[in-house]
Amino acid sequence: MDPFQLEMQCVLSTGGEHSRKMGLLQLLKSQFICHLIICYVFLVSGLIINLLQLCTLPLWLLSKQLARRVNVRLAYCISSQMVAALEWWSGTECTLYTDPESYPLYGNENAIVVMNHSFEIDFLCGWTFCERFGVLGSSKVLAKKELAYVPVIGWMWYFLEIVFCKRRWEEDRTTVAHSLQNLQDYPENFWFLLFCEGTRLTPKKHQVSMQVAESKGLPKLKYHLLPRTKGFWITVQNLRGTAAAVYDSTLNFRNNETPTLLGILNGKKYHADLYVRRIPLELIPEDEAECAAWLHKLYQEKDSFQEQYTQTGRFPGPIVSPPCRPWSLINWLFWSCLLLYPLGLLLAQLIISGSILTIVTSVALCSAASLGVRWMIGQTEIDKGSNYGNKEVPLNNN
Ligand SMILES: CCCCC/C=C\C/C=C\CCCCCCCC(=O)SCCNC(=O)CCNC(=O)[C@H](O)C(C)(C)COP(=O)(O)OP(=O)(O)OC[C@H]1O[C@@H](n2cnc3c(N)ncnc32)[C@H](O)[C@@H]1OP(=O)(O)O
Ligand SMILES: CCCCCCCCCCCCCCCCCC(=O)OC[C@@H](O)COP(=O)(O)O
């Protein structure tokens with residue numbers, strides 16, 4: 001065998017060894033016991049943190065700003081576990097395309113983030129960038145009211161003063177404005193996420209939305225729903241002077257990947273690309289009609305970026321990706337050590353006791369908890385989404 005063949009065999013065999021190890025690791029990540037551990041740590045630590053957040057209520061009377069700072073750090077313990085799952089467990093790559101001159105400002109100012117709402121884990125990709133720029137604990141969003149009732153995450157958001165909406169303008173216009181004004185003295189830098197399309201993109205919702213576009217004489221969009229402009233206008237109006245800029249964020253995944261939270265849990269690796277343009281708030285018109293027109297134009301530009309991505313696999317501009325930080329992993333390891341030890345003791349007691357009633361009760365509790373977590377994960381699944389946007393007239397229910 002000549003040296004070249006020998007070398008190739010070495011590479012292939014090393015490669016074979018490597019791919020065998022990767023295959024074993026992937027097999028381990030798809031094991032239900034791993035998912036149970038991840039979900040057990042998330043759920044129990046999340047409920048403990050929700051309880052701690054509840055205990056900060058008296059602190060709000062003494063010092064609102066201190067209570068806010070405490071809740072930002074408590075919230076980080078929850079949301080960073082999902083970021084850890086995305087970055088360290090699934091190994092998903094998140095690449096940032098942006099202007100190098102804007103990069104130093106990210107994380108050092110308040111911003112309104114406008115992002116396309118096309119994927120089940122778009123919020124998680126947003127969170128990973130929040131983590132890398134140090135604003136994960138204080139990150140905020142205009143979220144549908146239904147999410148406020150989701151245990152752990154929804155309850156956490158209450159203490160972060162997240163802005164909830166019913167997606168009925170006649171009700172939202174006052175409550176959303178009031179909630180936004182409340183953030184004007186927030187003591188930590190925050191990013192306020194706005195999915196202007198108001199719902200996840202589906203073929204049916206896209207068809208209805210484009211009928212509305214046609215009726216308004218607006219250009220049709222290929223990759224987006226028509227943006228709802230009132231929420232954007234009221235957000236800019238009430239955060240002017242608090243937020244310095246809008247971060248226009250356009251997200252896509254390589255090779256037409258359709259990422260899911262269950263995929264992340266199974267350790268599946270995705271490849272997210274995010275194109276961010278920093279637009280100073282002064283450039284956005286104050287007048288409602290002009291602001292609406294500005295947003296429609298922005299979404300037409302976003303549509304062109306998605307077209308370019310579909311054609312070339314790239315967004316415009318240079319790649320300036322922030323590195324992963326270890327804190328989300330350290331946080332997960334801390335909570336895992338804290339909570340898996342008592343769980344081990346409990347299981348040992350259970351086996352030693354041999355009491356059928358205790359075993360049946362424990363199995364019933366674990367089954368109920370798993371169903372609960374599966375329901376929570378279902379909140380992110382588009383095919384379990386709302387009817388909002390399925391009909392041209394605003395619905396009475398979401
Ligand atoms: C760098 C990246 C970092 C990013 C990460 C940062 C932070 C992350 C933090 C947290 C992660 C959070 C994860 C949770 C995400 C959950 C998000 C959600 O819940 S999205 C759903 C809730 N949000 C919204 O709905 C926002 C958009 N909606 C609005 O702003 C609305 O205006 C509103 C304020 C909600 C009011 O709702 P309403 O339905 O009454 O809206 P409108 O009055 O605007 O709608 C009527 C208006 O729209 C036209 N239109 C367009 N399409 C349709 C259609 N299909 N059916 C009916 N009407 C439609 C219609 O013609 C009207 O037009 P006009 O305004 O001209 O009259
Ligand atoms: C992965 C690591 C830990 C996993 C453990 C289990 C985790 C359970 C996580 C529950 C997460 C719940 C977060 C809710 C975020 C949902 C974001 C979202 O996208 O909501 C949809 C709305 O925008 C629009 O709703 P539709 O009108 O499209 O319908």
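**Exercise 1. Find what holds the oxygen atoms of ligand 1, and describe the shell around this ligand.**

*Step 1.* Start with Lys144: one of its backbone N or O atoms lies 2.8 Å from an oxygen atom of ligand 1.

*Step 2.* Go on to the side chains. Lys216 places a polar side-chain atom 2.7 Å from an oxygen atom of ligand 1, and a side-chain N or O atom of Tyr388 is 2.5 Å from an oxygen atom of the ligand.

*Step 3.* Now look at the cover. Ligand 1 taken alone exposes 1,400 Å², and the protein buries 89% of that. Such accessible areas come from the Shrake-Rupley method with a 1.4 Å probe; for residues, only the protein chains shown count as cover.

*Step 4.* Keep in mind that you are working with a predicted model, where local features need pLDDT of at least 70, side-chain atom pairs count only at pLDDT 80 or more, and totals for chains, interfaces and linings use all residues. Residues are numbered from 1 along each chain as its sequence is written, chains are lettered from A and ligands numbered from 1 in the order in which they are written, and side-chain values use heavy atoms, with hydrogens and water left out.

*Step 5.* Widen the view to the shell. There are 36 residues around ligand 1, and Lys144, Lys216, Lys230, Tyr388 and Glu392 come nearest; a residue is near if one of its heavy atoms lies within 4 Å. The shell divides into 20 nonpolar, 6 polar and 10 charged residues. In this count Ala, Val, Leu, Ile, Met, Phe, Trp, Tyr, Cys and Pro are nonpolar, Asp, Glu, Lys and Arg are charged, and the others, Gly among them, are polar.

*Step 6.* Finish with the elements. Those that supply at least two residues each include strand S2 (111-115), helix H7 (169-181) and strand S5 (191-194). Strand S3 gives the most, with 5 residues. Helices (H or I, at least four residues) and strands (E, at least two) are DSSP runs, numbered from the N terminus.

**Exercise 2. Work out which side chains reach the oxygen atoms of ligand 2, and how much of this ligand the protein buries.**

*Step 1.* Check His117 and Ser386. A polar side-chain atom of His117 is 2.6 Å from an oxygen atom of ligand 2, and Ser386 also has a polar side-chain atom 2.6 Å from an oxygen atom of this ligand.

*Step 2.* Return to Lys144, where a polar side-chain atom lies 3.0 Å from an oxygen atom of ligand 2. Alone, ligand 2 exposes 760 Å², of which the protein buries 96%.

*Step 3.* Describe the surroundings. The shell has 18 residues, with His117, Arg167, Thr199, Arg200 and Ser386 the closest. They divide into 11 nonpolar, 4 polar and 3 charged.

*Step 4.* Trace the helices. H2 (32-55), H4 (64-89) and H13 (356-378) each supply at least two residues of this shell. An unreviewed UniProt entry lists residues 32-62 and 358-377 among its "transmembrane region" stretches; such annotations may be inferred rather than shown by experiment, and the positions are given in the numbering used here, with feature names shortened. Residues 32-62 are 97% helix and 0% strand, with end C-alpha atoms 46 Å apart. Residues 358-377 are 100% helix and 0% strand, with ends 28 Å apart by C-alpha atoms.

Terms used: Polar contact = N/O pair within 3.5 Å; in protein donor to acceptor, adjacent residues only side chain to side chain.
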